[in-house]
Amino acid sequence: MRNKILWYALKYDGDWTKIGNAIKNKEEYQCLSSYPFPYITIVDPQYPKIFLRLRFPPWILFYQGNLRLLENDMVGIVGSRICSQQALRNTEEVVKILKRKYCIVSGLAKGIDAKAHSSALDQKTIGIIGCGIDVIYPKENAYLYQEMSKNHLILSEYPMGSKPLKHHFPWRNRLIAACSSFLIVIEAKKQSGTMLTVNECLSLSIPVYCLPTAFENIAYEGCNYLIENGANILLKEELEYL
């Protein structure tokens with residue numbers, strides 16, 4: 001079955017539904033003698049149990065780095081790609097405190113994701129991406145890819161060469177949610193991919209914490225909107241107790 005899943009993942013570019021249909025219909029497959037990156041499938045004993053609680057657990061995960069980091073207590077940190085300088089400073093401050101106890105998980109995008117990872121490089125961090133691991137996206141995060149693939153962990157459902165297609169990123173957000181003991185939203189717009197990660201957390205009963213946004217900052221109303229609708233307000237003095 002392991003060889004089947006790999007073949008279907010390569011054939012269908014990591015598409016969850018198509019892989020599932022191929023398994024159900026017992027499509028023909030070929031056994032590959034090797035594959036350039038390590039991978040783990042849902043039938044392997046070492047498959048991370050945290051993903052089994054998802055409605056759609058990944059059939060396969062390609063990775064570089066230390067897969068055992070998924071055994072740590074983890075916190076997801078997310079937010080806007082195009083963010084304010086204050087949000088970047090806040091991310092660094094939040095990570096500085098939480099990385100003592102938690103492995104920092106984010107999506108290796110630019111903005112808040114990149115700041116979360118870079119602030120945790122002296123401890124432990126996991127990046128979950130929406131393209132092949134050999135496809136560095138965005139290019140400005142090349143240094144993070146290089147460092148994290150050696151000393152931390154990068155995960156993807158998508159095989160080598162898979163492009164960073166727009167629909168991949170909302171789908172990968174469920175994996176960030178599944179890894180998280182709780183999720184922290186640093187800064188977000190009301191309509192953004194961050195909100196999709198929040199929804200995934202809510203479906204798994206994972207607590208969501210938000211940094212409140214200044215009243216006059218109308219560009220990033222997402223956190224205040226979430227707080228208004230029941231998310232937890234994260235205050236600096238509370239970080240030590242999470």
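Lys99 counts as buried in this predicted model, because its relative accessibility is 13%, below the 20% cut-off. Its salt-bridge partner is Asp122, with the closest N and O atoms 2.9 Å apart. Lys99 sits in the loop between helix 3 (85-98) and strand 4 (103-106), while Asp122 sits in the loop between helix 4 (112-119) and strand 5 (125-129), so the pair links distant parts of the chain, 23 residues apart. Asp122, at 52% relative accessibility, counts as exposed.

Now look at Arg100, which is in the loop between helix 3 and strand 4. Arg100 forms a salt bridge with Glu240, and here the closest N and O atoms are 3.2 Å apart. Glu240 belongs to the segment after strand 9 (232-233), and the two partners are 140 residues apart. Arg100 is exposed at 54%, and Glu240 is partly exposed at 41%. Some salt bridges share partners, too: Glu93, Lys96 and Lys236 are joined into one network that way.

The structure holds eight salt bridges. Another one of them pairs Glu27 with Lys11, at 3.3 Å between the closest N and O atoms. Glu27 lies in the loop between helix 2 (16-24) and strand 1, and Lys11 lies in helix 1 (residues 2-11), so this contact ties together parts that are 16 residues apart in sequence. Glu27 is partly exposed at 23%, and so is Lys11 at 48%.

On to the strands. Strand 2 (residues 60-65) pairs with strand 1 (residues 39-41) in the antiparallel sense, over three bridges, and Ile60 in strand 2 stands opposite Thr41. Strand 2 also pairs with strand 6 (residues 153-156), again antiparallel, over four bridges. There, Gly65 faces Leu153 of strand 6.

Technical notes. Residues numbered from 1 in each chain as written. Predicted model: local features only at pLDDT ≥ 70, side-chain atom pairs only at ≥ 80, totals over all residues. Heavy atoms only, no water. Pairing = 2+ DSSP bridges. Helix = DSSP H or I, 4+ residues; strand = E, 2+ residues; numbered from the N terminus. Salt bridge = Lys/Arg side-chain N within 4 Å of Asp/Glu carboxyl O. Buried < 20%, exposed > 50% of the residue type's maximum accessible area, 1.4 Å probe, protein only.
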